[in-house]
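Reader: I'd like a close look at one part of this model, with the rest of the chain as background. Could you walk me through it?

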Amino acid sequence: MKIILTDSYEEMSRRAAKLFAAQLTLRPDSVLGLATGSTPLGLYGELARLCAAGEADFSKARSVNLDEYVGLAETHPQSYRHFMDEHLFSRVNVARENTYLPDGAAKDLDAACSAYDRRIRELGGIDLQLLGLGHDGHIGFNEPGDCFVPGTHVVALTERTIDANARFFASRDEVPRRAITMGIGQILQARRIVLLVSGADKAEILYKAVRGPVTPHLPASVLQLHADVTLIGDRAALEKLI
Ligand code: F6R
């Protein structure tokens with residue numbers, strides 16, 4: 001794992017944006033694996049800036065997001081589709097029809113999961129996957145458990161994740177209890193992975209993920225098995241690692 005230490009959240013975001021812009025220069029029709037949450041907001045802002053400056057070109061890019069809540073319409077302000085439209089897709093020159101998220105509003109969720117697996121296969125797999133890190137070590141919505149699940153699947157969110165996400169909803173009761181997430185197998189099949197981690201509250205779990213045993217009880221630990229992971233973190237998050 002390559003570790004890039006940065007002095008601040010802003011520098012972390014700029015470093016990550018350069019990596020994404022370079023990926024699109026090398027391969028304009030790259031399949032980008034994208035994430036939601038607080039961590040990538042700076043990166044998405046920076047990509048918007050680079051795009052406006054003509055330094056990043058999304059015109060041929062395709063994207064697949066890691067996850068989506070179950071039961072929220074695409075138009076719901078807290079759906080991940082809405083988040084991505086607001087924070088990235090509307091601010092760069094990507095064609096919206098080339099951006100994909102799991103269909104959390106589907107009546108048949110198993111069919112929606114299989115369709116997403118098929119979609120990623122048909123796109124030729126993920127060239128560069130962005131990941132954030134949950135406080136319990138989750139990646140995507142792959143929560144700690146007894147085994148790694150390979151493909152797209154429906155998950156029950158843990159109480160901790162519901163608590164963490166409640167800040168985006170009017171009340172905790174409104175936070176969906178389930179989500180569709182890409183599986184660990186799909187994440188590991190990405191050709192390159194960028195893990196972004198910021199803040200002292202993630203330092204301990206990040207340390208365990210990178211230096212501890214590989215275990216489904218800490219899903220991010222599986223990244224130790226991937227040949228091309230770049231961890232970009234700020235000083236507070238990397239404190240225990242360096
Ligand atoms: C979001 C996702 C999650 C987040 C993680 C960290 O698409 O897949 O795994 O990356 O929960 O969230 P933040 O960045 O809000 O701390």
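How many helices and strands are there in the chain? And zooming in on α3, which of its residues are buried, and what covers them?

Author: The chain has eight helices and ten strands; both are DSSP runs numbered from the N terminus, with helices being H or I over at least four residues and strands being E over at least two. Bear in mind that this is a predicted model, where local features need pLDDT of at least 70 and side-chain atom pairs count only at pLDDT 80 or more, while totals for chains, interfaces and linings use all residues. Residues are numbered from 1 along each chain as its sequence is written, and side-chain values use heavy atoms, with hydrogens and water left out.

On confidence, pLDDT is the predictor's own score for each residue, from 0 to 100. The chain averages 97, and 100% of its residues reach 70 or more. Strand β6 (residues 128-131) has the highest confidence at 99, and α5 the lowest, with a mean of 89.

Now the overall build. A compact globule of 242 residues would have a radius of gyration near 18 Å, and the chain agrees with that at 17 Å; the radius is taken over C-alpha atoms, and the globule rule is 2.2 Å times the number of residues to the power 0.38. Along the principal axes, the C-alpha atoms fill a box of roughly 40 × 40 × 35 Å. Buried residues account for 55% of the 242, where buried means under 20% relative accessible area, exposed means over 50%, and partly exposed is in between (1.4 Å probe, protein chains only). Take the contacts (heavy atoms within 4.5 Å) with a separation of 6 or more: 78% of them join residues 24 or more positions apart.

Now for α3 itself. This helix runs over residues 80-89, and eight of its ten residues are buried, so it is largely enclosed by the rest of the structure. The buried ones are Tyr80, Arg81, Phe83, Met84, Asp85, His87, Leu88 and Phe89. Their cover includes strands β2 (31-34), β3 (62-65), β4 (67-69) and β5 (99-100), along with helices α2 (41-52) and α5 (159-165).

Tyr80 in α3 counts as buried at 9% relative accessibility. Leaving aside neighbours within four places in sequence, Tyr80 is in contact with Thr36, Asp67, Glu68, Tyr69, Leu101, Phe141 and Asn165.

Not counting residues up to four places away in sequence, Met84 touches Leu34, Ala35, Thr36, Tyr44, Asn65, Phe89 and Leu101. From Met84 to Tyr44 is 40 residues in sequence and 9.2 Å in space, C-alpha to C-alpha.

Thr36 turns up in the contacts of Tyr80 and in those of Met84, and it's worth looking back from that end. Thr36 is in the loop between β2 and α2, and it is buried too, at a relative accessible area of 12%. Beyond its neighbours within four places, Thr36 contacts Asn65, Asp67, Tyr80, Phe83 and Met84.

Thr158 sits in the loop between β7 (153-156) and α5 and is partly exposed, with a relative accessible area of 24%. Setting aside neighbours within four places, Thr158 is in contact with Asp136 and Glu143. Gly104 is 54 residues from Thr158 in sequence and 18 Å away in space, C-alpha to C-alpha.

Lys2, in strand β1 (residues 2-6), is exposed, with a relative accessible area of 54%. Skipping residues up to four places away in sequence, Lys2 touches Val229, Thr230 and Leu231. Lys2 and Gly42, 40 residues apart along the chain, have their C-alpha atoms separated by 21 Å.
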